Amino acid sequence: MAAANAPKTSWADDVDEFETPPKGEDYTDENGIRTTVEYTINDDGKKVKASLARRLENKITRKIKRVLQKAVVDHSVAERKTWAKFGLEKGSKPGPDRATTTVGENVYLKLSAGNKSSEPEQSAEQSVKASLAKAGAGKVVCRLCKGDHFTAKCPYKDSLSGLDGTDTPPAGGDDTGAPAESSAAAPASSIGGKYVPPSMRGGGRGPGESMGRPGGNRDDLPTLRVTNISEDTQENDLRDLFGVFGRVARVYVGRDRETGAGKGFAFVSFEEKSSAQKAMEKTHGRGYDNLILSVQWSQPREQR
Amino acid sequence: MRPILLQEPDPDHFAGHERSLTQIKFNREGDLLFTCSKDSIINVWYAHNGERLGTYDGHNGTVWTIDVDSSSRFLVSGSADNTMRLWSVETGKCLFFWEFPTAVKRVAFNEEDDQVVCITEQRMGHQGAVRVFEINRDGDGTNQSKEPISMFNPVGSKAVVCAFAHTNDLIITGHESGKVSLFDAKSGEEVQLNEHAHRDTVTDLQLAPDRSYFITSSKDKTARIHETRTLTVLKTFVTETPLNSAAIAPGKPYILLGGGQDAMSVTTTSLRQGKFETRFWHKVLEEEVGRVKGHFGPVNTIAVSPKGDCYASGGEDGFVRVHHFDETYFRAKPYGDLEIED
């Protein structure tokens, strides 16, 4: 009989086979700890004993809690438990209805000191790098500057345009072959065969500059161009400075993409033209943070 | 914590329909949870197991706001159908309704439950108005006066949230411009104001249990705690997302903030799904101490049970999530032995 069942490896398994699989145990001790023992059969045919000891946390616990509440809290809560259902629930049986009430996935609230908002989020690039490293693909190395980032993200992309120029040999060897070939094969356009997305063609508008700005086009609002501000001027500083003249709709501080330091200019949009005018008159030529501010009307993009 | 998810079933669809929540409120004992949303029905749930006790049917448009009295006898609601209604909490019957020229955006009981303040919207040539009504608690509640005991029109930026201050003579209002004011309930005179309390619309206003201070949240990404008497800003909580609601956790030195990017800017901002968490901030130290994830859309409204053992959040996604705090919440000492008495 055991021979018929070919994959059997141990006589101990045969013995178990004759017994019906145990139903599992379930008992509750005097401390209210419920112990459940379950048996499952995994892929290897081996018995796995899963023992779960957990505190009673379903209906029964709730009943206990209710009793405690009644002792502490006033009658009104207990009385409200006996109210008849009404409205759309009229006539429904007691207990939560699954159509309206479900139990969600466990969520965790970990209370700890320190400001979470100041913690940087892991960027997509970092997570990709981490997963690459985990997969054993090695480190990400820039083909231009040999830095620890993707070539596309290289800060020296413009100055070291090695991949585009025909004179530069493919430095990285095997993996740079494809782009070098394609750039050589492509007709030498003015930008050197590099793919230019339609939005960037002819004029060099920033990507998505005209879209996605909450509050609509910045030309709609009376906007001042503030120049000669110090590097560490923040949006809030300018809001404070210009807020006294009227409601400031938006403040944009020009920043260096990599370092985040200010580039020394900003745009301040007011809701009303009169307050913008007043702000310009009052602040133009004024000293601010050791520098003399220069405040002008912002020119629309086309005219610059 | 395992949250209990509450959602109203849609009779026409298999999946529950998505109606965004506008306000949720616990009663004084924290055993009942009232929710209202952009469909016209108000729901009441048992907070401990999420069982729906009933619904209050009668409104004909978005229900913007609800409030329940301290004895859980009367519920008052304001709706976009230009009515304010008084309900019997126990039976779900509409006892009385008041009709206005415009939508009712906010209602609130006073501490004695004998007055209700409401804000009606500024629209169609009508000024925004704050009215105070007397609630006759004798009899079955159907015998109410149609006429407000006082009414005034705040000039300037329109009022969006309101509540009775520490006395019944004063009404706190939060305005679209970010202003927070105290009005004399009788004369409508502006007694105190803080013009620059916020830089953008005030979205929520919740009072401490003793009404000595209150918290406001705003679209300008900050929440602030103000002293009721002087409107002095005591604490400021600066987040990175527009806030829709702020609540004070009784018994613990925390406040709860909810918000999230507007739908239009979600795709352009963060890879992390939308910042729709409920944030826990330390009330005194002004630091974020924890977050709870869950909603798929901005959190519109947050309420903490007056007992401090449970909180609920209602989102744009149409779900109410009721969280009963774990033991770890009560034991946690994020700042070591530095304990702050409430």
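In chain B, β18(B) and strand β19 (residues 213–218) pair in the antiparallel sense over five bridges. Two strands count as paired if DSSP finds at least two bridges between them. Strands (E, at least two residues) and helices (H or I, at least four) are DSSP runs, numbered from the N terminus. This is a predicted model, in which local features need pLDDT of at least 70, side-chain atom pairs count only at pLDDT 80 or more, and totals for chains, interfaces and linings use all residues. Residues are numbered from 1 along each chain as its sequence is written, while chains are lettered from A and ligands numbered from 1 in the order in which they are written.

**Chain B overall**

- The secondary structure of chain B comes to two helices and 28 strands.
- Chain B has 342 residues, and 52% of them count as buried.
- A residue is buried if 20 or more other C-beta atoms lie within 10 Å of its own, exposed if 12 or fewer, and partly exposed in between, with C-beta atoms placed from the backbone.
- Take the contacts in chain B between residues at least 6 apart in sequence: 44% of these join residues at least 24 apart.
- Two residues are in contact if their C-beta atoms, placed from the backbone, lie within 7 Å.

**The sheet β18 to β21 of chain B**

- Four strands of chain B form an open sheet in the order β18-β19-β20-β21, with antiparallel pairing.
- β18 (202–207) and β21 (233–238) of chain B stand at the edges, each with a single partner strand, so one side of each has no neighbour in the sheet.
- From one strand to the next, the twist averages 15 degrees.
- Leu207(B) has Phe214(B) in β19(B) as its bridge partner.

**Ser212(B), in a loop**

- Ser212(B) sits in the loop between β18 and β19 of chain B.
- Ser212(B) is exposed, because 12 other C-beta atoms lie within 10 Å.
- Leaving out residues up to four places away in sequence, Ser212(B) touches His166(B) and Thr228(B).
- The C-alpha atoms of Ser212(B) and Thr167(B) are 10.0 Å apart, although 45 residues separate them along the chain.

**Leu182(B), in a strand**

- Leu182(B) lies in strand β16 (residues 180–184) of chain B.
- Leu182(B) counts as buried, because it has 23 C-beta neighbours inside 10 Å.
- Its contacts, not counting residues up to four places away in sequence, include Ala165(B), Ile172(B), Val191(B) and Leu231(B).
- Leu170(B) is also touched by Leu182(B), and the C-alpha atoms of these two, twelve residues apart along the chain, are separated by 6.2 Å.

**The sheet β2 to β5 of chain B**

- A four-stranded open sheet of chain B has the order β2-β3-β4-β5, and its pairing is antiparallel.
- Its edge strands are β2 (21–26) and β5 (52–56) of chain B, each pairing on one side only.
- The average twist from one strand to the next is 20 degrees.
- Within this sheet, β3 (residues 32–37) and β4 (residues 42–46) of chain B pair in the antiparallel sense over five bridges.
- Leu33(B) has Trp45(B) in β4(B) as its bridge partner.

- Strands β8 (residues 83–88) and β9 (residues 94–99) of chain B pair in the antiparallel sense over five bridges.
- Thr83(B) has Glu99(B) in β9(B) as its bridge partner.
- Five residues lie between the strands of this hairpin, where Gly92(B) takes a positive phi near 80 degrees.

**Record annotation**

**Where chains A and B touch**

- The contact takes 35 residues from chain A and 47 residues from chain B.
- On the side of chain A that touches chain B, α3 (75–81) and β4 (101–103) of chain A are the elements that give two or more residues.
- β4(A) runs antiparallel to strand β1 (residues 4–6) of chain B, and three bridges join them.
- Thr101(A) stands opposite Leu6(B) in β1(B).

Terms used
Axes are lines fitted to C-alpha atoms, for helices over the stretch in contact, and angles run from 0 to 180 degrees between N-to-C directions.
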